[in-house]
Each structure stands twice: as structure tokens, then as C-alpha cells.
Amino acid sequence: MRGVWLREFGGPEVLRPGDVPEPSPRAGEVVIGVEAIGIPFIETQVRSGSAPVPLPELPVVPGNGVGGTVVALGPGGDPALLGTRVVASTGGSGGYAERVAVAEDALIPVPAELETAQAVALLADGRTAMALIRAAAPQAGERVLVQAAGGGVGGLLVQLAASAGAEVVALAGSRRKLDLATELGAAVAVNYREPDWADRVRKIADGGVHIVFDGVGGEIGRASFDLLAPRGRFVMFGAASGAPTDASVREVFERAVALVTGAQLFTSPADVRAMATAALAEAAAGRLRPIIGQTFPLERAADAHRAIESRDTVGKTLLIP
């Protein structure tokens with residue numbers, strides 16, 4: 001069957017299409033006929049060898065989030081699963097392929113109101129956004145700064161914070177992304193590529209912002225931390241810039257800031273599944289809009305990674321076998 005190999009770390013060109021082994025499900029596993037594959041930003045870092053997580057042994061078929069239809073069962077599998085639409089995490093690899101074996105307990109049913117691609121767009125980003133909102137607990141009238149507000153997680157955070165009654169200040173790097181953030185509910189959208197962006201936010205948010213959702217880190221993360229009001233909440237969940245936000249323990253204590261890191265978001269694997277399921281339910285009810293900005297054929301995985309790294313993409317990027 002068709003798939004994509006990563007045989008060496010490097011630029012997008014190291015992702016090469018080719019034949020990959022057919023999955024053979026063991027007891028407790030099923031095979032999904034893949035209809036859509038999600039690409040979180042961290043997969044571009046894994047591919048380059050720069051991810052802040054353990055790197056896989058090579059060669060490997062990358063991909064950790066897929067959606068499609070159950071087409072085969074392992075020994076003793078439940079026949080009722082055949083033909084059902086599901087999304088699932090693969091356990092870290094194997095997703096960039098036409099079919100993949102996953103554990104039965106990783107399956108999350110796709111609500112009838114959603115297309116499979118929409119559900120895939122919410123699998124990783126939706127559970128992350130739901131957990132971030134739970135951790136920060138924005139209240140009506142609070143000011144919330146969302147970095148990368150035109151991206152997959154950022155766009156969901158804008159919606160969820162606005163729905164909670166917060167005043168959302170969205171940061172993004174292009175007119176297209178700023179317009180999207182405003183459409184999704186941001187009260188103010190600011191281009192972080194402009195040198196005076198932090199001063200603009202400071203004038204808008206007199207007294208500081210109450211919550212920062214920091215998925216970028218680096219200089220933008222540091223400037224965002226400086227915009228935080230005393231006793232505010234600084235929620236760190238990524239470092240797309242390549243470096244985490246530099247804020248000392250002394251600063252955190254002196255300003256009585258509540259610091260939340262990505263490692264604190266989920267309490268257990270069951271909690272991860274619950275947050276993903278909740279995101280799908282919110283979307284099925286029409287309260288959360290998954291943004292699929294661009295799709296690529298499976299064999300063009302390299303182009304998809306290249307587009308994500310260019311920062312020109314909006315919302316979620318998917319591969320379609």
C-alpha cells in the first residue's frame with residue numbers, strides 16, 4: 001500500500017512516498033482505512049530532528065492522528081466496529097499511510113454531524129484546546145491573549161475563550177490570519193510581525209491581560225509574559241519558535257503569576273480521550289468550528305510540511321490518501 005517514509009532527519013524533502021507494509025492487527029487492534037491524516041506542528045520538528053521530545057528510530061512511517069473507517073479486526077475483535085467512522089491516535093507512528101493498525105481503546109467515534117476530515121482536524125488540536133481552556137478557566141470580562149490565533153489550536157482557543165465571555169486579543173502574522181481570528185470571535189487582532197505589536201496590546205489591555213496562551217515561546221512568548229497582569233495565568237503548551245519562553249521563577253513569584261505547562265494539561269490517557277471526545281461533541285453541536293485551511297495528497301507530505309514551516313498556512317493542514 002502507499003505511504004510516506006522518513007529515513008533520515010532533515011528538510012521536508014526527506015519525506016518520501018513509497019510502498020509500506022500492510023498492517024496486520026493483533027488482538028485488541030483494528031485496521032482503519034485512512035481518509036484523512038492530521039499534521040501537528042511538532043511533526044515538522046520531529047522530521048527535522050529538532051523536536052523537544054524523544055525522536056523515533058529510523059526508518060519510520062510518521063503520523064500520529066488519523067480518521068477513517070474500520071476495515072479489519074484483530075483476533076476476537078468486535079464485529080460491530082466494522083464500517084464505523086472513527087478517529088484515533090496511532091501511538092506515534094504509522095499514520096502517513098492508506099491503512100493503519102491502532103488499538104481498539106484508541107478509537108473515538110465520529111459524530112454523524114461531522115465529516116471525517118473535520119473530526120481529524122479536532123483530534124489533537126481539539127483535545128489540546130479543550131484542556132488549555134480547562135486549565136486557564138477564562139471568565140466573562142477577562143482579557144485573553146492567544147498566540148498563533150490563525151493556527152489549528154489558536155483558532156479553537158479564540159472560539160472557546162470568546163464563548164466563555166472573555167475579550168480575546170489575537171496574535172497572528174498575516175492579514176488572512178488576522179481576519180480569520182476576528183471572524184472566529186477575537187475582539188482585537190494584532191500582527192506580531194509589526195515591531196510595536198506589544199505596545200499596541202498594552203494600550204488595548206490597560207492593566208494587562210489576564211491569560212496568555214503561549215504556543216510560540218521565544219521572543220514573542222517573553223513579550224507576551226510581560227503583558228500579563230499580576231495574578232494572571234500564563235499557559236505554555238508549545239515552542240513553535242524553537243525555544244520556550246524564558247521567564248524566571250523569581251518573576252513568576254514576584255508577580256504571583258500562575259504558570260501552567262503542557263505536562264500539566266492531562267491527568268491520564270483516559271483524560272486525553274475525554275478531551276478529544278468533548279471537542280468533537282462541541283463541534284457536532286455547532287459550538288466549535290474546526291478550521292481546515294489546506295489539504296495535500298498523501299504523496300505530497302513534503303509539500304505539506306513545507307507549507308506549515310513557511311507560516312503561511314491557516315487552521316489545520318491535512319493529508320488525504
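**Notebook: strands, helices and cores**

**Entry 1. Valine 235.** I began with valine 235, which I located in strand S12, spanning residues 228-236. I note here that the structure is a predicted model. Is valine 235 buried or exposed? Its relative accessibility is 0%, and the cut-off for buried is under 20%, so valine 235 counts as buried. I then listed its contacts, leaving aside neighbours within four places in sequence: Leu132, Ala136, Val212, Phe213, Asp214 and Val260.

**Entry 2. The nonpolar cores.** Next I examined the largest nonpolar core, which has 48 residues. Which of its residues touch the most other members? I recorded Val87, Val146, Leu157 and Phe213. The elements that give two or more residues to this core are helix H2 (116-136), strand S8 (143-146), helix H3 (152-163), S9, helix H4 (175-183), S11 and helix H8 (269-284). H2 provides the largest share, ten residues. I followed leucine 157 in detail: apart from residues up to four places away in sequence, leucine 157 touches Ala129, Leu132, Ile133, Val146, Phe213 and Phe237. I also found a second, separate core of 32 residues, which includes Ile32, Ile37, Val102 and Ala302.

I turned to H6 itself, where the buried residues are Gly218, Ile220, Gly221, Ala223, Ser224 and Phe225. Their cover includes S8, S9, H5, S11, S12 and helix H7 (249-254).

**Entry 3. Strand pairing.** I traced strand S5 (residues 85-89) and its partners. Strand S4 (residues 65-73) pairs with S5 in the antiparallel sense over five bridges. Within this pairing I noted glycine 67, which stands opposite valine 87 in S5. S5 also pairs with strand S7 (residues 108-109), again in the antiparallel sense, over two bridges. Here valine 86 stands opposite proline 109 in S7.

Entry 4. I looked up glutamine 294, found in strand S14 (residues 292-297). Glutamine 294 has a relative accessible area of 14% and is therefore buried. Which backbone oxygen does its side chain reach? The side chain of glutamine 294 reaches that of lysine 316, at 3.4 Å. Setting aside neighbours within four places in sequence, I listed Arg176, Thr313, Val314, Gly315, Lys316, Thr317 and Leu318 as contacts of glutamine 294.

Aspartate 125 lies in helix H2. Its relative accessible area is 8%, so aspartate 125 is buried. With neighbours within four places again left aside, aspartate 125 is in contact with Gly152, Val153, Leu156 and Lys316. I conclude that Lys316 is in contact with both glutamine 294 and aspartate 125.

Notes
Residues numbered from 1 in each chain as written. Predicted model: local features only at pLDDT ≥ 70, side-chain atom pairs only at ≥ 80, totals over all residues. Heavy atoms only, no water. Helix = DSSP H or I, 4+ residues; strand = E, 2+ residues; numbered from the N terminus. Buried < 20%, exposed > 50% of the residue type's maximum accessible area, 1.4 Å probe, protein only. Polar contact = N/O pair within 3.5 Å; in protein donor to acceptor, adjacent residues only side chain to side chain. Contact = heavy atoms within 4.5 Å. Pairing = 2+ DSSP bridges. Core = buried A, V, L, I, M, F, W, Y, C linked by side-chain atoms within 4.5 Å.
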